[in-house]
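Hello,

Here is the structure I promised to pass on to you. Have a look at it first, and then read on for what turned up.

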Amino acid sequence: MNRSEADLEYRGDSSWNSGMENRYSGVRVFDSNEELLTGLAEKLTKAPYLRTLEWSKWHLLWADENLVAKKHPDSNYRQAKEAFISKVPIPPAHVISVAHGVPGEQAAEDYEFRIRQLVRDRTVAASLSTDCPRFDLILLLLGTDGHVASLFPHHSALEVKSQWVAPVYDAPRESVTITLPVINSAANVAIVATGTGVAPALMSALGVTLPRGSHPAQLVSPTDGNLAWFSDAYAASLLSSDFRGI
């Protein structure tokens with residue numbers, strides 16, 4: 001699985017697997033990373049991937065981005081471009097990336113402005129219950145410490161309410177991130193867990209509720225949307241069979 005965390009916003013059929021009453025019933029475990037990727041792609045598209053999708057309706061944004069040069073190995077944009085963008089006919093104007101080479105606060109402000117423009121011109125729907133964008137899908141990767149996007153344990157960004165994008169300085173890496181209100185306003189959120197390194201984090205995320213802020217993934221709870229977990233067998237190795245949904 002590519003390590004970049006992207007929000008893939010498809011302005012077409014945004015239906016998802018309904019009936020996910022809580023985070024436990026939404027866990028899908030796959031025997032291998034390859035099967036996980038195939039299952040995730042099928043869930044997103046419900047069609048053969050390249051030829052039948054209306055790529056002109058897709059808009060691609062990032063859940064977070066490291067404050068490095070665009071061609072840096074740690075750039076989420078670079079990783080996404082190499083693994084995905086360069087292989088599909090998404091219109092270049094529909095790829096909304098974070099500014100590179102500017103201070104974090106400026107990058108966050110610029111990125112939020114671009115998202116607000118998408119909501120203003122109705123390219124992205126607005127949530128009926130919040131003032132946040134209602135993305136069709138936000139795709140996140142679970143970190144070994146339970147972080148998602150660049151929302152790290154006990155970080156002040158977890159408490160941001162009014163901003164859609166926040167700079168993150170005092171964390172393992174300097175970055176910008178979409179905030180919890182944006183994530184929880186989405187129509188669908190998928191959290192991907194791969195590898196034995198995240199097995200404890202996945203078990204904790206699906207276990208007893210922990211003190212607020214200690215496990216950011218537990219704070220992902222779409223207000224009027226659905227949450228699904230996609231895990232490979234290694235990440236799910238500490239889960240009991242009761243957690244393994246279909």
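Predicted model: local features only at pLDDT ≥ 70, side-chain atom pairs only at ≥ 80, totals over all residues.

**Helix α3**

Let me stay with α3 for a moment. The helix runs over residues 104-120, which makes 17 residues. At 1.5 Å a residue it should span 24 Å, and because its end C-alpha atoms are 24 Å apart, the model agrees with that expectation.

Several of its residues are buried: G104, A107, A108, Y111, E112, I115, L118 and V119. Looking down the helix axis, you will find these buried residues within an arc of 125 degrees, so they line one face of α3. The face turned away from that buried side carries F113 and R120, which are exposed. As for what lies over the buried residues, the cover includes strands β3 (58-62), β5 (95-96), β7 (165-168) and β8 (175-178).

**The nonpolar cores**

The largest nonpolar core has 59 residues, and the members that touch the most others are Y111, L140, L142, I191, L202 and W229. It is α3 that gives the most to this core, with six residues.

Next, the sheets. Four strands make an open sheet with parallel pairing, in the order β2-β10-β9-β6. At its edges stand β2 (27-30) and β6 (138-141); each has a single partner strand, so one side of each is left without a neighbour in the sheet. From one strand to the next, the twist averages 20 degrees.

The partner of β2 is strand β10 (residues 226-232), and the two pair in the parallel sense over four bridges. To find the place on screen, look for V27, which stands opposite W229 in β10. Helix α1 (residues 33-45) packs on this sheet and touches β2, β6, β9 (188-193) and β10. The direction of α1 makes about 155 degrees with that of β10.

**The sheet of three strands**

There is also an open sheet of three strands, ordered β4-β8-β7, and here the pairing is antiparallel. Its edges are β4 (64-66) and β7, each with a single partner strand, so one side of each has no neighbour in the sheet. Direction ignored, neighbouring strands of this sheet are turned by 15 degrees against each other on average.

β7 and β8 run antiparallel and are joined by four bridges. Within this pair, P167 has V176 in β8 as its bridge partner. Our helix α3 returns here: α3 packs on the sheet, touching β7 and β8, and its direction makes about 165 degrees with that of β7.

Finally, a look at S150, which sits in the loop between β6 and β7. Is S150 buried or exposed? With a relative accessible area of 0%, S150 is buried; the cut-off for buried is under 20%. The C-alpha atoms of S150 and E65 are separated by 8.0 Å, while the two residues are 85 residues apart along the chain.

Technical notes:
Residues numbered from 1 in each chain as written. Heavy atoms only, no water. Expected span 1.5 Å × (residues − 1). Buried < 20%, exposed > 50% of the residue type's maximum accessible area, 1.4 Å probe, protein only. Arc of directions from axis to C-beta. Contact = heavy atoms within 4.5 Å. Core = buried A, V, L, I, M, F, W, Y, C linked by side-chain atoms within 4.5 Å. Pairing = 2+ DSSP bridges. Axes fitted to C-alpha atoms, helices over the stretch in contact; angles between N-to-C directions.
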